[in-house]
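Biologist: Could you take me through the side-chain contacts in this protein? I would like to begin with the charged residues.

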Amino acid sequence: MGGLWVSLLIVFMASCCTMVLELVAGRILAPFIGVSLYTWTSIIGVCLAGISAGNFLGGVLADKAGSRRTLGLILLGGGLFSLLILPLAAYDLTNIIPKPTTGQASDVWLITRIVVITSVLFLPPTLILGMVSPIVIKLALTDLRQTGSIAGKIYAFSTVGSIVGTFLTGFYLVSAFGTRSVVLGVAVILIGMAFVFGNLLPFGKDKKGNAEVTVATALIVIGLVYWINPRGVITYERPDALNGGCYMETNYFCIKVTGPDLNDEHQTVSLVLDHLIHSYNSLNDPTYLKYGYIKVYADMIEYVAQKYPKYSAFFIGGGGYTLPRQMETLRPDAKIVVSEIDPGVTETNFARLGVRRDTNIITYNADARQIVDLYQGGEKFDLVFGDAFNDLQIPYHLTTKEFAQKVRSMMKDDGLYLALVIDKLRGGLFIPAYTKTVKEVFPYVYILNDAPNWNSSAPNTYLVAASATPIDMDRIRAIKPGQGFNGQPLVQIMPQDVMDTWLAETPTIILTDDYAPADNLVAPLFVERSF
């Protein structure tokens, strides 16, 4: 093998590449199956299954045909199957598991669908790469008295490679190169290792048959690259697998911007983060609002502005900065603070979504919980907006009773907390749990919407409004200009008796830092969306 250090380098690199693939899997799968607890559970489970099966099969193969050529072919196979991820990921894989023809989709169907799609893309390369360590141990052993020492060193370096691959991918590679370029890089590294360390180069002593392997590999790679990144020589459309469609790819999201439509008088552009449309912004009119729920937000801002024209507002999540941009235009004296975890989202707002670079909006690019902690015992806000989402769900640590207590402590006595929730009123599991959790902290809690359909079983966006003081209905009716019909306020508030009955009919779950199954409570939405 050319010395123990060569063996250690091989397992280090193979394990590093395995973890790189596992980390980028979430971003590659997001367009097919979204980003949820189910997604990451599937990724981790499938990759561990591949590594485990690879270790077993590699051990069997090492005893029967442990040679440098075998190692080379394994590394070559790992590289080619890694390369194959790219063309496969350029196509819609969601039809692999057909949708139920009758009835509603179930959790079992969704889980099966996610596991199968994940397995098609990532099980083959992880299984093949799992075979590397047993083969390398077999080749490195020259003295049986050192079996334990050599095996220990090889598995130690394999683990270090996994650690390096994890940190390197999560902290640097994805944001620097994009997931598809990273996968291409993994494939190139593994194929290169196959020829350097696997006796596959077509020259030197005892190279009979290697020329055929080299030619075959070159043809396969050329064919895959052609499939991955075709140019104008073909006459039918085929997706470019090196292009994930991202305007910008960061450590947090695949950021996409669509529009503007030249025929649209508002010159509207939309912001998409991974699988979810977050915002519609008008490039020529910062006050234009498209979504019904955001118009409800706007009316509630005016509700506060009646009493505090120079209000202060804190946003948990920035998204397209639609409301902060509108607020800055209508109320230049208002203080607006945004906590947006992804600096790439903020930069996209400056570059593509109409936010001025000389804006007075104060932005913190950090997790909202950290920034909320900074304001404990300090400045108080008239308005706090909860608008942070990871696909359909609020990050769980922003849903808990403890977090709600921190939010209340940064609000004025008559301040208003408005949190956006995506769920079903009837049949949904998350929104009643979240409402009950907020009621543990705030004495007055309301459900707001732009349409008073309190028996709806369809997914929708709702606002959970909370305050230490009751909402003044006369001030709601006095909102001008209203966003609703004939200039009336758009705000619809669930009647108290309806809300009491609704909450009494749902399971009592209080979300805390120690117990916050937010992902599981939102899971039915992923099932329904997939169906």
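Biologist: Is E347 buried, partly exposed or exposed?
Modeller: This is a predicted model. In it, E347 has a relative accessibility of 32%, so E347 counts as partly exposed.

Biologist: Which side chain does E347 meet in a salt bridge?
Modeller: The partner of E347 is R357, at 2.7 Å from N to O. E347 belongs to helix 11, while R357 lies in the loop between helix 11 (343-352) and strand 7 (362-364), 10 residues apart.

Biologist: And R357, buried or exposed?
Modeller: R357 counts as exposed, at 55% relative accessibility.

Biologist: How many salt bridges does the structure hold?
Modeller: There are 14 salt bridges. One of them joins the side chains of R27 and E249, at 3.3 Å from N to O. The pair links distant parts of the chain, with R27 in helix 1 (residues 4-33) and E249 in strand 1 (residues 248-249), 222 residues apart.

Biologist: Why do R27 and E249 count as buried?
Modeller: Buried means under 20% relative accessible area. R27 has 13%, so R27 is buried. E249 has 15%, so E249 counts as buried too.

Biologist: Which residues are linked with R27 in a network of salt bridges?
Modeller: The network links R27 with E249 and D274.

Biologist: What about K406, which side chain does that one meet?
Modeller: K406 forms a salt bridge with D373, at 3.0 Å from N to O. K406 is in helix 13 (residues 401-409) and D373 in helix 12 (residues 368-374). K406 counts as partly exposed at 24% relative accessibility, and D373 as partly exposed at 36%.

Biologist: Let us turn to the rings. How many aromatic pairs are there?
Modeller: The structure holds 14 aromatic pairs. Among them, Y291 and Y293 are stacked, with 5.4 Å centre to centre and 25 degrees between the planes. Y291 counts as partly exposed at 25% relative accessibility, whereas Y293 counts as buried at 10%.

Biologist: Why is the pair of Y375 and F381 edge-to-face?
Modeller: The planes of Y375 and F381 stand at 70 degrees, with the ring centres 5.2 Å apart, so the pair is edge-to-face. Y375 and F381 are both buried.

Biologist: Which residues do ring pairs link into a cluster?
Modeller: The cluster consists of Y280, Y291, Y293, Y297, F315 and F385.

Biologist: Where does the charged end of K290 sit?
Modeller: The charged end of K290 sits over the ring of Y280, 4.1 Å from the ring centre. Likewise, the charged end of R475 sits over the ring of Y303, 3.9 Å from its centre.

Definitions and conventions:
Residues are numbered from 1 along each chain as its sequence is written. This is a predicted model: local features need pLDDT of at least 70, side-chain atom pairs count only at pLDDT 80 or more; totals for chains, interfaces and linings use all residues. Side-chain values use heavy atoms; hydrogens and water are left out. A salt bridge is a side-chain nitrogen of Lys or Arg within 4 Å of a carboxyl oxygen of Asp or Glu. Helices (H or I, at least four residues) and strands (E, at least two) are DSSP runs, numbered from the N terminus. Buried means under 20% relative accessible area, exposed over 50%, partly exposed in between (1.4 Å probe, protein chains only). Rings of Phe, Tyr and Trp (its six-membered ring) pair if their centres lie within 6.5 Å; planes under 30 degrees apart count as stacked, over 60 as edge-to-face and the rest as tilted. A charge sits over a ring if NZ of Lys or CZ of Arg is within 6 Å of the ring centre and within 35 degrees of the ring normal.
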